[in-house]
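Subject: Structure handover

Hello,

Please read the notes with the structure open.

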Amino acid sequence: MNLTKKTIAAFVSPAIPLSALGLPLLVYLPPFYAEEMGLGLSLVGTIFMITRFWDVFTDPVLGILSDKVTTPLGRRRHWIILSVPILMICVYKVFMPEAPITGNYLLFWMLLLYVGWTLLSISHMSWGAELSSDYYERSRIQGWREFALVFGMLAVLILPTILEQTGGVDTGNKVAAMGWFTIVLLPITVAIAVCNVQERPVTPPPQLGLLKSTSLLLKNKLLMRVLLANLMVGLAPGITGSIYIFFVTYAMDLGQWSSLMLLLYFIASFCGIPFWMRLSYSLEKHRTFGVAKIYGCIIIATILLVEPGNLWLYALVNILFGIESGAGAFLLRSIMADVTDHDNLESGTQRTGLYYSLLTMTNKVGSALGVGMVYPILDLIGFVPGGTNTPAAIEALKYIFICVPIPISLIAAIAIWNFPLDSARQQELRRLLAERDSVLSSE
């Protein structure tokens with residue numbers, strides 16, 4: 001049975017503040033702490049990498065807990081509620097720091113912030129995967145969730161864009177405005193979702209031993225392919241996102257338009273999602289993912305043809321590139337829901353939380369590697385944020401932004417291109433699961 005638009009809208013609403021938090025963490029906060037707070041590129045890159053690798057431990061642990069702990073609210077909603085006060089406090093501390101601050105201050109609050117982030121994101125994605133067992137309905141749910149994510153990015157980007165164009169406002173005020181946006185919206189949207197959307201009942205799972213559980217994970221080739229693609233999907237924007245402000249400012253000579261360009265990018269992403277959703281209905285999800293990644297590689301390469309200072313041409317290429325950005329994440333989340341069906345049949349238990357914790361973990365590791373590698377490289381090539389840079393340093397920045405993500409995206413496309421779990425196989429899995437559950441319920 002298809003979910004109503006009202007139900008889906010209520011369910012996806014927490015994705016708005018979640019993405020409004022995630023965008024500044026990737027794009028605005030690293031340069032803010034490196035330059036405005038004076039911590040330097042290498043230290044900030046290292047801290048952001050450490051905090052994301054922290055999720056290698058916390059994501060699977062919290063994912064397993066979300067599968068095992070059941071309350072009157074279900075398996076997911078209580079974790080989402082718990083994440084709200086943690087995130088509100090941490091956002092205040094990270095987005096509105098009182099100078100002077102140390103690296104230890106940033107490290108502590110970022111570690112705690114990502115605990116709250118993990119509680120919300122894993123529980124919300126797992127909840128969404130369990131709302132429907134239909135192959136195409138899952139794409140619809142995840143597509144609408146991606147709509148909400150991109151909408152959150154658009155909404156939070158309006159703030160620095162307006163402040164940027166009015167002039168006289170420093171980066172600290174832009175970051176603080178984005179932080180307040182998240183703090184205000186988070187409890188409201190979580191309340192809407194929790195109060196209006198029910199969880200589907202799940203049969204109490206049998207207990208798997210650690211060895212058997214781990215063995216099933218490692219043998220799941222479908223899972224490994226999705227995780228490899230997801231690692232690449234995190235790594236490519238981890239590189240481009242963390243140096244986006246520098247690239248637009250120094251390589252494209254359009255610094256005063258940086259927030260507007262980012263806003264146009266996400267508007268294009270928002271508008272592109274319905275196209276990728278419809279394409280996935282005819283091409284299947286895995287082939288649509290591959291087409292999107294190849295298209296993105298072609299478009300980003302054309303930036304090499306754009307001369308610095310050419311606002312209109314860069315805006316056009318930026319928009320065309322943005323169309324692709326919404327495809328990868330929601331398609332992989334939908335594919336992962338199908339992979340959990342495969343695991344359910346193999347293991348006899350529904351481990352959605354664990355599987356989505358691995359999905360978020362690999363994405364965060366990719367993002368961490370991106371910022372952790374690229375900032376020390378900028379130091380190495382002599383790039384100075386806010387200072388005078390040589391033509392060679394700016395040229396190197398340009399080629400890092402454009403050329404490095406291309407092979408990364410192609411690896412993601414190759415990993416998923418011939419993915420064997422298509423709509424026919426997923427329907428067969430659902431039939432086998434229904435037969436198994438029918439036998440168990442009659443015993």
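A cavity here is a set of grid points where a 1.4 Å probe fits but cannot get out. The model is a predicted one. Searching the whole structure for cavities of 30 Å³ or more gives two.

These notes cover the second largest cavity, whose volume is about 60 Å³. Its lining is made up of Leu25, Leu26, Pro30, Phe48, Arg52, Tyr114, Ser367, Ala368 and Val371. By residue class, seven of the lining residues are nonpolar, one is polar and one is charged. Three helices, α2 (15-27), α4 (41-53) and α17 (352-380), supply at least two lining residues each. The largest share is that of α17, with three residues. Where does this cavity lie relative to the two domains? Domain 1 (13-198) and domain 2 (209-434) both contribute to the lining, so the second largest cavity lies between them.

Now the aromatic contacts. Over the whole structure, the search returns 19 aromatic pairs. One of them joins tyrosine 136 and tyrosine 281: the ring centres are 5.8 Å apart and the planes stand at 80 degrees, so this pair is edge-to-face. The angle decides this because over 60 degrees counts as edge-to-face. Tyrosine 136 belongs to helix α8 (residues 135-166) and tyrosine 281 to helix α13 (residues 258-283), so the contact ties together parts 145 residues apart in sequence. Tyrosine 136 is partly exposed, at 28% relative accessibility, and tyrosine 281 is also partly exposed, at 36%.

Phenylalanine 275 and tryptophan 276 make another edge-to-face pair, with 4.9 Å from centre to centre and 70 degrees between the planes. Are these two residues buried or exposed? Tryptophan 276 has a relative accessibility of 3% and counts as buried, whereas phenylalanine 275, at 47%, is partly exposed. The cut-off for buried is under 20% relative accessible area.

Two further items concern aromatic rings. Tyr244, Phe247, Tyr314 and Phe401 form one aromatic cluster.

Regards

Note on methods: Residues are numbered from 1 along each chain as its sequence is written. This is a predicted model: local features need pLDDT of at least 70, side-chain atom pairs count only at pLDDT 80 or more; totals for chains, interfaces and linings use all residues. Side-chain values use heavy atoms; hydrogens and water are left out. Rings of Phe, Tyr and Trp (its six-membered ring) pair if their centres lie within 6.5 Å; planes under 30 degrees apart count as stacked, over 60 as edge-to-face and the rest as tilted. Helices (H or I, at least four residues) and strands (E, at least two) are DSSP runs, numbered from the N terminus. Buried means under 20% relative accessible area, exposed over 50%, partly exposed in between (1.4 Å probe, protein chains only). On a 1 Å grid over the protein atoms alone, a cavity is a set of points where a 1.4 Å probe fits but cannot get out, and a pocket is an open set with protein on both sides within 12 Å along at least five of seven lines; lining residues have an atom within 4 Å of a point. Grid points are joined across faces, edges and corners, and a volume is the space filled by probe spheres set on the points. Ala, Val, Leu, Ile, Met, Phe, Trp, Tyr, Cys and Pro count as nonpolar, Asp, Glu, Lys and Arg as charged, and the others, Gly among them, as polar. Domain bounds come from an automatic or database domain assignment.
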